[in-house]
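Me: I'd like to go through this one term by term. Can you show it to me first and then set the values against the definitions?

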Amino acid sequence: MYGKGLRPLSIATVAMLALSLSLVFFYAPLDADQGFIQKIFYLHVPLAIVALVGFVVGGVFAIAHLRSGNRKWDAYSYVAIHMSVIFGVAVLITGAIWAKASWGHWWVWDEPTLVSFLIVFLMYATYYPFRYAIEDPERQARYASVFAIAAGAFVPLNFMAVRMAESLVHPRTFATANGGLPAEMMLTFLCSLAAMALLWTTLVKFELTAKSASGQVKRLRRALDAPVPGSGSRIAPEVS
Amino acid sequence: MTGRADTRGAVSVTPSRVAFAAILAKDLRSELRTLQSLPAMALFAVTTFVVFRFGLDRTSLSGSLASGVLWATLLFAAVLGINRLFVAEREEGGFDAIRLAPIDRSVLFAAKAAALLVYLLALEAIAVPIFALFFLDSAAGLGPLLAVLLLADLGLAATGTLISSMAVNSRARDLLVPLVLLPLVVPLMIAATGATEPLLAAGGPAYDRFGTWLAVLGLYDLIFGLVGYAVFDFLLED
């Protein structure tokens, strides 16, 4: 049942990605200062925005889990955070490439957005050992939800604190505020953002579908008294 | 702390204030008798100062170095106490007793956070004067530092209680507190060191953006106080 609508969603995602990439390479003007390397902006920034929103969405799913007691929401929360962590790795890598090309260093401590993203990423990286350390599945789901809620509240707070710390010593020279973008760049950026959001949603849906299918197979095997190969991941929640 | 049956046989709930005072008094009394956490925290802090003295090869500190050494030490010493905060509850069946008692469960969060706050203040009452004695040229910045310490302790108490109560019920409990707590308190440390740095500056205390940093600390305390209070119920269910 999780597979419903997966095909049109995937097709829409591929089409949107193709559209946004062609806009990036053939439509958006070259940046006057940074030249071609600036195009990584259309990959890096949407990835970062989607990952951060995904973290907060994971927190919202966790609230739904605690309020309703339905384990389905815990699986949603887990998959949302999982996907956002993967996106987060891509954000850090693309960010490092961009930083090397335009500032000359792989990592720049003066740039508040970089530092706050790293802290948020490290925070969510502890989600896995945290889940893994709790054995009882029901308690694991509850604790993971509490973690997701606390971490979701932490994301905006962290960005504020880091930004304030840096503005003391370093003016924000590389502001990526969208207000300063020319119309062509803005359009391309929005298309890329939509494509990344679609990609995230599709991947989340794929993983939920896969989890639900493997759960069903396991239940069927058990019902048939067939051997259940490999008990699967011990941290990932099962979907019914 | 047991609920009293009134004339109609209904059980009345113990007022939260009474339950809070009882749990807090129990914690402080058992800490006073066993001395499990505080001496270790204080000793750890003092030893860490000595390590920093040789690690940095400085005999006096000021500005950002002073505030960094002070806060890193206090944070790691706090982790020791936070690790042990719920150990008695788990080992002696205190969680079951709290679940059985006719009290609002969030009271346990408030009381434990208050107990942790007392530990942290006691730790700082020992560690900060020793820090000043070891490294500082003048003690002029210590007065306003009290406000920073108090606000940062409130935030540490809220997040520490929340994480500790989860970690103690897991397999890897001693591992989990530092792992999860440290990234969570990074904003707190940014604000605390930001406020402390000008206070301990070489030329006497300054107050660059002191109020702003205190406001950030207050906001952090408020948010994590509310989050902890709201979600703590779910951690006690079983």
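Reply: Buried means 20 or more other C-beta atoms within 10 Å of a residue's own, exposed means 12 or fewer, and partly exposed is in between, with C-beta atoms placed from the backbone. This is a predicted model, where local features need pLDDT of at least 70 and side-chain atom pairs count only at pLDDT 80 or more, while totals for chains, interfaces and linings use all residues. Residues are numbered from 1 along each chain as its sequence is written, and chains are lettered from A and ligands numbered from 1 in the order in which they are written.

Me: Which residues touch the most other members of the largest nonpolar core?

Reply: Phe147(A), Leu188(B), Ala191(B), Ala192(B) and Leu217(B), out of 134 residues. Helix 6 (residues 106-135) of chain B gives the largest share of this core, 15 residues. Helices here are DSSP runs (H or I, at least four residues), numbered from the N terminus. Beyond four places in sequence, Ala192(B) is in contact with Trp71(B), Val148(B), Ala152(B) and Leu217(B); contact means C-beta atoms within 7 Å.

Me: What makes helix 7 of chain B roughly parallel to helix 10 of chain B?

Reply: The axes of helix 7 (residues 142-167) and helix 10 (residues 210-236) of chain B cross at roughly 25° and come within 9 Å. Angles under 35 degrees count as roughly parallel, over 145 as roughly antiparallel, 65 to 115 as roughly perpendicular and the rest as oblique, so helix 7 of chain B is roughly parallel to helix 10 of chain B. The contact has 12 nonpolar, 7 polar and 1 charged residues. Ala, Val, Leu, Ile, Met, Phe, Trp, Tyr, Cys and Pro count as nonpolar, Asp, Glu, Lys and Arg as charged, and the others, Gly among them, as polar.

Me: Why is Thr202(A) called partly exposed?

Reply: Thr202(A) has 19 other C-beta atoms within 10 Å, so the label is partly exposed. Thr202(A) sits in helix 7 (residues 183-223) of chain A and touches Leu9(A), Ser10(A) and Thr13(A), leaving out residues up to four places away in sequence.

Me: How many residues of chain A are in contact with chain B?

Reply: 25 residues of chain A, meeting 26 residues of chain B. Helix 6 of chain A gives the most to that side of chain A, with 14 residues. By class, the side of chain A that touches chain B has 20 nonpolar, 2 polar and 3 charged residues.

Definitions and conventions
Helix = DSSP H or I, 4+ residues; strand = E, 2+ residues; numbered from the N terminus. Contact = placed C-beta atoms within 7 Å. Axes fitted to C-alpha atoms, helices over the stretch in contact; angles between N-to-C directions. Core = buried A, V, L, I, M, F, W, Y, C linked by C-beta atoms within 7 Å.
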